[in-house]
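Me: I'm about to look at this protein for the first time, and I'd like to go through it with you step by step. Could you bring it up?

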Amino acid sequence: MNRRFAAKWLIVLTLLLIMSSCGDQLSKINENPNVVSPSTANPNLMLPTIATGLAMNYVTLGYGDIAGVVQHTQKDGWFSDHNHYDWSPKDWSPYYDLLRNNNFLLQRSKELGYTFHQGVALTLKAFTFGLITDLWGDAPYTDALKGALSTDLLLPVFDKQQTIYAGIIDDLKQASALFAAGRSTGYLTGYDVYYNGDNTKWQKLANSLLLRYYMRISAKLPQVARAGIESIYQSGIYMKDATDDATMDYIGSTAANSWPAAVAFDTDPSEFRRRKPCRTLLDKLTAYRDPRLKIWFAPVYVRWVADSTLPQPADPYIRKNGVVQPGVAAMTDAKFLAEVKAGATFTRRFNPKTFKVALDTSTYVGLPPGLIDPSAYNYNPTTGQVVQNQHVSQLAEVYRNSNGGILKARLCSSAEVSFILAEAALKGWAVGSAEEHYRQGIRNSLAAWGVDGGFATYMQQPGIRFTNTLEQVMTQKWIAGWTAATEAWFDYRRTGFPALKAGPAAAENVLPVRFIYGDNETNYNYANAMNALQTLEENSHTRVRGKNSQWSKPWLIQGTSLPW
């Protein structure tokens, strides 16, 4: 019996030892060698991922459908969202994904005592939450990132918009103070894709963003906004010229790290062809003889020319260097581009006495906003998406590229800051001369696009000389917002300038003022999303879509009678 008992225990002990050994081996096997432990993570390795992700998301907005809203661009194919604001619910998870990573950067930087990295994390946090509340309204903020810290808070409450703005301002103040200390402990050269570790530049950015958000809330909290803006102006620490601009260069090796719609990664570069200058912007640039016009946009491939001696109402075929090309009504984009580079000019004639269709005979032609069929505009012989509209301008050739030159993500600029100060001066706040800030805003924008040599001439154009009006300041700020149209949209909502009008085919006869909460929120965070919807203001434009509409007014513009 004793032997049997001992044998049984020997077997059990052996099995336990084997299981223990397997457990140790399994633990080692299940450790992912490619994942960095949170306790050893290097903040430098997180910086470029977060900063580039934020910059590319921001450009996607300002070069994408929001550029259609503020009439910087229009599309002549796949245009419903861009031209007509026919929006569906929009998911904000890309921004919260960035915020989760950024929260880890902030916590890890605090553990290591890296004050520069803390300042960057606070600035990027403020910027990202600013985008979320500006775009949607109320949103998860106070409890938004706690789920990532293992508190199992998966259904966060939506904070009021005013609470989020207060938090943004507080974070930017903290960031500015950290940058003011000038310490760069732990920073490795090359990992900061905006300013390469320059505390002074980062403090200017933090303070410039404070100017942005103070002005954003100026209609609702004027005393807070005034005190904040006057304080920053008195400090003198903010963006003052184009070398201070917060920009990011593109790598250009893949579609993911290239300028949006770069043709190198598109077998059919139709996305480039579809995006056209909007006539609203282009006509302003033409009227002002703006030197940025040729930097941003290309002349039409085929210009209409009036000819009263033409025997037929209009040429059926194009003319190359004045000579009719029999059978050639149009050419492909690639063919036109090659011919124009070789020095050829193309025209198409019409007889104004017998041809009664209105034509734009300009060298630069933009698409009017919200057309029913934009591909047919200006009597295009090739409607649809087979080839480009030869009678409407395209974007400048540089926007075909993947990277380099002016292809930068611009998150905040000295031009924007100068126009903010000009607006503040018009309000009577103690920030210097409105005219000087207005002029400096134009100068900074021209410098950013490499055409500041034309500043003196430009300032002499009719409509450019200072008239001491908010409309003039906001119009120039809107122009300077090219490729960063998101800020132009936010400015339009709170000022009504420039006085943009929806086109004939738009879903409503006014411009939208917010994004629609995404299905993930309304389906899975239902109670909190429904509470947030109750804070939105309905109006005559929300009757069909209800509260969760792109025309429902969030707190920021409620009670202001703006923008409509």
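Me: Which helix gives the largest share of the lining of the largest cavity, and how many residues is that?

Reply: The largest share comes from H17, with 4 residues; helices (H or I, at least four residues) and strands (E, at least two) are DSSP runs, numbered from the N terminus. Before going further, please note that this is a predicted model, where local features need pLDDT of at least 70 and side-chain atom pairs count only at pLDDT 80 or more, while totals for chains, interfaces and linings use all residues. Residues are numbered from 1 along each chain as its sequence is written, and side-chain values use heavy atoms, with hydrogens and water left out.

Me: What's the volume of that largest cavity, and which residues lie nearest its centre?

Reply: Its volume is about 240 Å³, and of the 24 residues that line the largest cavity, Ser413, Glu416, Ala480, Gly481 and Ala484 lie nearest its centre. A cavity here is a set of points on a 1 Å grid over the protein atoms alone where a 1.4 Å probe fits but cannot get out, and lining residues have an atom within 4 Å of a point. Grid points are joined across faces, edges and corners, and a volume is the space filled by probe spheres set on the points.

Me: And how does the lining of the largest cavity divide by residue type?

Reply: The lining has 14 nonpolar, 4 polar and 6 charged residues, where Ala, Val, Leu, Ile, Met, Phe, Trp, Tyr, Cys and Pro count as nonpolar, Asp, Glu, Lys and Arg as charged, and the others, Gly among them, as polar. Among the elements that each supply at least two of the lining residues are strand E10 (408-412) and helix H14 (414-426).

Me: Switching topic: is Arg212 buried or exposed?

Reply: Arg212 is buried, with a relative accessible area of 2%; buried means under 20%, exposed over 50%, and partly exposed in between (1.4 Å probe, protein chains only). Arg212 sits in helix H8 (residues 199-216).

Me: What does Arg212 touch?

Reply: Leaving aside residues up to four places away in sequence, Arg212 touches Tyr58, Phe127, Leu411, Cys412, Glu416, Ile420 and Glu487, a contact being heavy atoms within 4.5 Å. A polar atom of the Arg212 side chain lies 2.8 Å from the backbone oxygen of Leu411.

Me: Where is Arg108, and which side chain does it join in a polar contact?

Reply: Arg108 is in helix H5 (residues 93-112), and a polar contact of 3.0 Å joins its side chain to that of Glu111. A polar contact is a pair of N or O atoms within 3.5 Å; within protein, one must be able to donate a hydrogen and the other to accept it, and residues adjacent in sequence count only if both atoms are side-chain atoms. Arg108 is buried, with a relative accessible area of 8%.

Me: Last one: in what order do the strands of the open sheet run?

Reply: The 4 strands are in the order E6-E9-E7-E8, with mixed pairing, where two strands pair if DSSP finds at least two bridges between them. Strands E6 (302-306) and E8 (323-324) stand at the edges, each with a single partner strand, so one side of each is left without a neighbour in the sheet.

Methods. On a 1 Å grid over the protein atoms alone, a cavity is a set of points where a 1.4 Å probe fits but cannot get out, and a pocket is an open set with protein on both sides within 12 Å along at least five of seven lines; lining residues have an atom within 4 Å of a point.
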